[in-house]
Each structure stands twice: as structure tokens, then as C-alpha cells.
Amino acid sequence: MTVTGPVDVNQLGFTLMHEHVLISASGLMKSYPALLGPDPETRAINALKESKAHGIQTMVDATTFDLGREPELLARVSAKSGVNLVNVTGWWLDVPRFMWGVGVNQMAREFVRDIEEGFRGTGVRAGILKCAADFEGVTAPLETMARAVARAHVKTGLRIMVHSYPTGQLARRQIQIFREEGVDLTRVKIDHSNDTTDLEYLQWILDQGCYLGLDRYPGRLVSPKQRTNTLYALMKLGYGDRLCPSHDCICLHIHNEQADGTLPEKHDFQRSNPDGWLYMHRQVIPQLQSMGASDVQIQNLFVDNPRRFFGG
Ligand SMILES: [Zn+2]
């Protein structure tokens with residue numbers, strides 16, 4: 001299910017499995033739109049059109065409600081650029097006051113409505129679920145959301161992407177919660193996994209049946225070259241059919257004022273990755289080829305694995 005309606009998994013084509021057209025906060029675009037800089041919608045359409053011209057046909061947009069999801073904006077930029085966008089329901093890391101004490105089944109019902117009926121007041125439906133935890137571990141409110149996401153998955157069969165924290169080997173706890181909830185682990189993708197080079201830990205996740213999101217490029221903590229070494233090492237170990245490289249690249253983000261009071265033309269993330277969504281084509285794929293990866297192996301990563309994940 002994309003933001004413009006259902007698409008056959010065989011038509012997804014070259015797919016980036018973890019990206020963001022927009023990241024802000026829930027309601028920000030209505031209340032403080034100027035923070036997003038000049039003419040955000042046109043900038044998103046242009047960036048998506050450029051991606052499409054380089055062969056990127058589909059992106060999973062990982063922006064949940066608490067990251068400022070704007071379903072109708074996504075539907076418009078998808079229609080105008082021709083790039084399929086799959087949007088998430090579920091939760092990222094923000095913990096607003098209501099989350100202390102909200103029920104697991106109560107949230108699961110809301111997520112199921114996002115999947116079956118659509119985001120309220122729009123015709124746009126969620127195509128994937130997401131939950132998250134980071135360096136503080138799976139805290140009580142985030143565990144509520146993880147279990148609600150798991151129950152919405154059990155009810156609908158929708159796939160789950162998981163914001164994880166590999167430095168703390170957090171997927172061990174997240175997978176344990178999924179097991180308790182009866183989640184099919186072959187329908188789970190553990191994301192941000194290339195923030196570590198610990199092959200033993202990554203193989204453990206893959207051996208549970210999960211997909212691996214190697215979705216931070218160029219990223220911090222680990223150099224881009226080391227990320228590609230890890231990716232290729234896992235391919236050589238025989239896991240090439242469950243690896244999903246992507247950027248976690250943000251097109252529209254808050255433009256922070258500079259010290260002299262002026263607004264920069266590009267936000268911080270764009271300045272750290274001038275290639276944006278084309279980083280994979282310009283940097284990573286050529287590097288994989290120079291290491292010995294075949295065209296079939298590369299097609300596997302970007303076309304076959306997303307198809308298998310959504311359709312398998
Ligand atoms: Zn992300």
C-alpha cells in the first residue's frame with residue numbers, strides 16, 4: 001500500500017527502504033510552516049523527480065505521527081514526481097504526556113485504523129508499521145508502542161520496520177518482545193544496523209529470520225567505507241537476500257538560524273550529504289562493484305529484497 005493506493009510488489013522496482021521526505025514534529029507544518037524553509041513542497045517534488053530520473057522507483061517514508069507525518073503532502077509529491085511512497089504507522093521515540101498509561105490494545109486499534117481506513121480525514125493508508133528504541137533501551141512507553149505495533153502486525157500482516165540501537169545490541173530485547181507477541185520475524189526489518197561493524201551481532205539478528213536495514217549513509221559513528229565493508233561481508237556470508245541498504249536521508253527539515261541571524265539555504269543534513277537520495281548510486285554501488293559485487297547481487301539488494309520483504 002503506497003500513499004497513492006495499492007501497488008503490485010512486482011512493480012516496486014528499485015526501492016530505498018528507509019528515507020524521509022519530511023521530518024519535523026506532529027502539527028508543526030500547520031502551526032510553524034516557516035521553520036521548514038522556503039517552498040518545501042516544490043523542493044520535495046524536485047528531489048524526488050531527480051531520484052526518479054536516476055532509477056529510484058519507490059521509497060519507504062519512515063516518518064511517523066511523532067516525526068510530523070503529513071500524509072496528504074506525501075500523496076501530492078508522490079503523484080507529481082512519480083516515485084511510489086510507502087508511509088508508516090506506529091511510533092518513533094517521542095514520548096508526549098498521553099503515552100504514560102495509554103493501553104497497548106488501545107494504540108493497536110488506532111494503528112489498525114491507519115492501515116485499514118487511512119490516516120483520519122485523508123484517504124491515505126499506512127503501508128508498513130514502525131516502532132523504535134534507542135540508547136536508553138526499550139523504556140516503558142516505548143514498550144507499549146512496540147507491543148501495539150506487534151499486535152497491529154498480527155491482526156493485519158503488515159511488515160514492521162524497527163528503529164534500533166546496535167551499539168547497545170538493542171534488537172535482542174526488541175526481538176524478544178516480538179516473540180512474546182507472536183510476530184512473524186521474517187516480516188521484521190531491524191534498521192540502522194550499519195551503525196555497527198559487529199558482524200557476530202548482525203548475523204545473530206539475521207539468524208532469527210529478520211531482514212537487516214543497513215540504512216544510514218553516509219551516517220555518523222561508522223565511516224561510509226566501513227558500512228560498505230560490513231554490507232559486502234554479510235553478502236559474502238550468504239545473507240544477500242535479506243539486506244536493505246538505504247540512506248535515512250531527510251529532504252525537508254527545520255532550517256536552523258545561523259549565528260549571524262540568517263537562514264541557510266540548505267539544512268544541516270543536506271550539507272552533510274550533498275548527494276542526498278543519490279548517494280547510493282554515486283558512492284555505494286560503484287564501491288560495491290569495485291569490491292566484486294555483480295549486477296545481479298546489486299539488483300537483489302534494491303529490487304528483489306524489497307519485493308520479498310513486502311510480498312514474501
Ligand atoms: Zn529514519
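In the predicted model, Thr15 stands opposite Thr58 in strand E2, where strands are DSSP runs of E with at least two residues and helices are runs of H or I with at least four, both numbered from the N terminus. Strand E1 is joined to E2 (residues 58–61) by 3 bridges, and the two run parallel; strands are said to pair if DSSP finds at least two bridges between them. E1 also pairs with E9 in the parallel sense, over 2 bridges, and within this pairing the bridge partner of His20 is Ile250 in E9. Because 8 of the 8 residues of E1 are buried, this strand is largely enclosed by the rest of the structure; a residue counts as buried if 20 or more other C-beta atoms, placed from the backbone, lie within 10 Å of its own, as exposed if 12 or fewer do, and as partly exposed in between.

Residues are numbered from 1 along each chain as its sequence is written. Since the model is predicted, local features need pLDDT of at least 70 and side-chain atom pairs count only at pLDDT 80 or more, whereas totals for chains, interfaces and linings use all residues.

The pairings of E1 belong to an open sheet of 9 strands, in the order E8-E7-E6-E5-E4-E3-E2-E1-E9, with parallel pairing. Its edge strands, each of which pairs on one side only, are E8 (243–245) and E9 (250–252), and the twist from one strand to the next averages 30°, with axes being lines fitted to C-alpha atoms, for helices over the stretch in contact, and angles running from 0 to 180 degrees between N-to-C directions. Elsewhere in the sheet, E4 (residues 128–132) is joined to E5 (residues 160–163) by 4 bridges, in a parallel arrangement, and Cys131 has Val162 in E5 as its bridge partner.

Helix H11 (residues 295–311) packs on this sheet, touching E1 (15–22), E6 (188–191), E7 (211–214) and E8, and the direction of the helix makes about 120° with that of E8; a contact requires C-beta atoms, placed from the backbone, to lie within 7 Å. The buried residues of H11, among them Leu301, Phe302 and Phe309, pack against E1, E6, E7 and E8. At Leu301, H11 bends by about 45°, the bend being the angle between axes fitted to the seven residues ending there and the seven starting there.

Some local backbone features lie in loops. Most residues other than glycine have a negative phi, and most peptide bonds are trans. The bond joining Tyr217 and Pro218, however, is cis, with omega about -5°, and Pro218 is placed in the loop between E7 and helix H8 (224–239). Asp248, in the loop between E8 and E9, has a positive phi near 55°, and this residue counts as buried because it has 23 C-beta neighbours inside 10 Å. A positive phi, near 50°, is also found for Gln169, in the loop between E5 and helix H6 (171–181); Gln169 is partly exposed, with 14 other C-beta atoms within 10 Å.

Taken as a whole, the protein has 11 helices and 9 strands, and 46% of its 312 residues count as buried. Its radius of gyration of 18 Å agrees with the value near 20 Å that a compact globule of 312 residues would have, the radius being taken over C-alpha atoms and the globule rule being 2.2 Å times the number of residues to the power 0.38.

Terms used:
Two residues are in contact if their C-beta atoms, placed from the backbone, lie within 7 Å.
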